[in-house]
Amino acid sequence: MGVWPPVVLAPMAGITNAPFRVLCREQGGGLFVCEMITTRALVERNPKTLRMVRFAESESPRSIQLYGVDPDTVGRAARMIAEEDLADHIDLNFGCPVPKVTRRGGGSALPYKRHLLRRILRAAVANAGSLPVTMKMRKGIDDDHLTYLDAGRIAAEEGVAAIALHARTAKQHYGGVADWSAIARLKEAVPEIPVLGNGDIWCADDALRMVAETGCDGVVVGRGCLGRPWLFRDLANAFDGSAERARPTLGEVAAMMARHAEGLVECFDVERYAVADFRKHVGWYLKGFAVGGELRRELASAESLDQLREGLARLDHDQPWPPNTDTPRGKSGERGKVQLPDGWLDDPWDGAVPDDAESDTSGG
Ligand SMILES: Cc1cc2nc3c(=O)[nH]c(=O)nc-3n(C[C@H](O)[C@H](O)[C@H](O)COP(=O)(O)O)c2cc1C
């Protein structure tokens, strides 16, 4: 994919905003994808959406992930990004398993409709000018309705520049273990374009193992880097053949936490909202460190930067990086049945655009 190291920060709604991307990118190279952007909101110039596609000056190349179900709207969004120089790369989301998205035929439900998928990809590629268009998908809806091999071939035919596979079905949500063998099968099915493997990379050595086991051309890292931007340094080292791994002390972690929160304040403008948004990161940053329950709670309920800084100052700054931190973090767990529009599975070749699938969506 022309990027070294062959590493992508997975788009994560509510997480991969500019402040977090900047901290990750400082650690090592790769592509650092923004939060999912709804195509309709983008073309309608929704003010919140326009704020979400802002990049820091230091960010290059800039990657936007789009979510859309209507080929026309996706095409217009791609054209807008190209003409207004909003990004250098467009990724399309066909992996979101959130019920309010799949219930309307979007995200991970969409590749089941082969014609519609093809039309969306065609519209994106045709309108993106010289910008590369990639797609990110799951294995399928469930084990009885796998779509990734068909979707991969369609993407290759439509001129998509790379395909990322999160090796779970929508039904699996974030549960169980990602099935890396599917990444190998996709690579065999579309040898002509880069395949990026995704799912359950918790440390740099997992990434090397995924490449070795599947033959994928690069890796996409999501939850493993929550509270851990240093993972991108480890990944750069690992792909360069170095065994060196970042082992920040709790003091260094505290400094990173402060910078992350400060970045959010700048990005959100309103300190109170930014500090509230930072709360979800606290547990991830402190994972494995010995920190008393009361101080943890104070940090995770701070209402201002000053309160947060005061709590961070009380951490034991000399405490070394704890062992056993290369384990799962973030969302987990399976869902019951995948919610789909009525009759969705009846006809994989029906190309109709689902109604109202772009309202009220926020990643996943
Ligand atoms: C909080 C959260 C938000 C996510 N938002 C998106 C999203 O907006 N677009 C997308 O394609 N995937 C999204 N994902 C899925 C991740 O990009 C990734 O595919 C998934 O977490 C599996 O990779 P991992 O095992 O490295 O975490 C999200 C995941 C999490 C945990």
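Predicted model: local features only at pLDDT ≥ 70, side-chain atom pairs only at ≥ 80, totals over all residues.
Helix axes here are lines fitted to C-alpha atoms over the stretch in contact, and the angle between two of them runs from 0 to 180 degrees between N-to-C directions.

Select residues 180-189, which form helix α8, together with residues 204-214, which form helix α9; the two pack with their axes 8 Å apart and at an angle of about 50°.

Next, select helix α4, residues 71-83, and helix α6, residues 114-127, whose axes lie 7 Å apart and meet at an angle of about 20°. Because angles under 35 degrees count as roughly parallel, α4 and α6 are described as roughly parallel to each other, and their crossing is right-handed.

Now move to the ligand and display the 19 residues around it, of which Gln-65, Lys-136, Asn-198, Asp-200 and Arg-223 come nearest.

Finally, look at individual atom pairs. A nitrogen atom of the ligand lies 2.9 Å from a backbone N or O atom of Ala-13, while the side chain of Asn-93 places an N or O atom 3.2 Å from a nitrogen atom of the ligand. At Gly-222, a backbone N or O atom is 2.8 Å from an oxygen atom of the ligand. Of the 610 Å² of accessible area that the ligand has on its own, the protein covers 96%.

Note on methods. Residues numbered from 1 in each chain as written. Heavy atoms only, no water. Near = heavy atom within 4 Å. Polar contact = N/O pair within 3.5 Å; in protein donor to acceptor, adjacent residues only side chain to side chain. Areas by Shrake-Rupley, 256 points an atom, 1.4 Å probe, with all protein chains shown as cover. Helix = DSSP H or I, 4+ residues; strand = E, 2+ residues; numbered from the N terminus. Parallel < 35°, antiparallel > 145°, perpendicular 65-115°, else oblique. Left-handed = near helix turned anticlockwise from the far one by under 90°.
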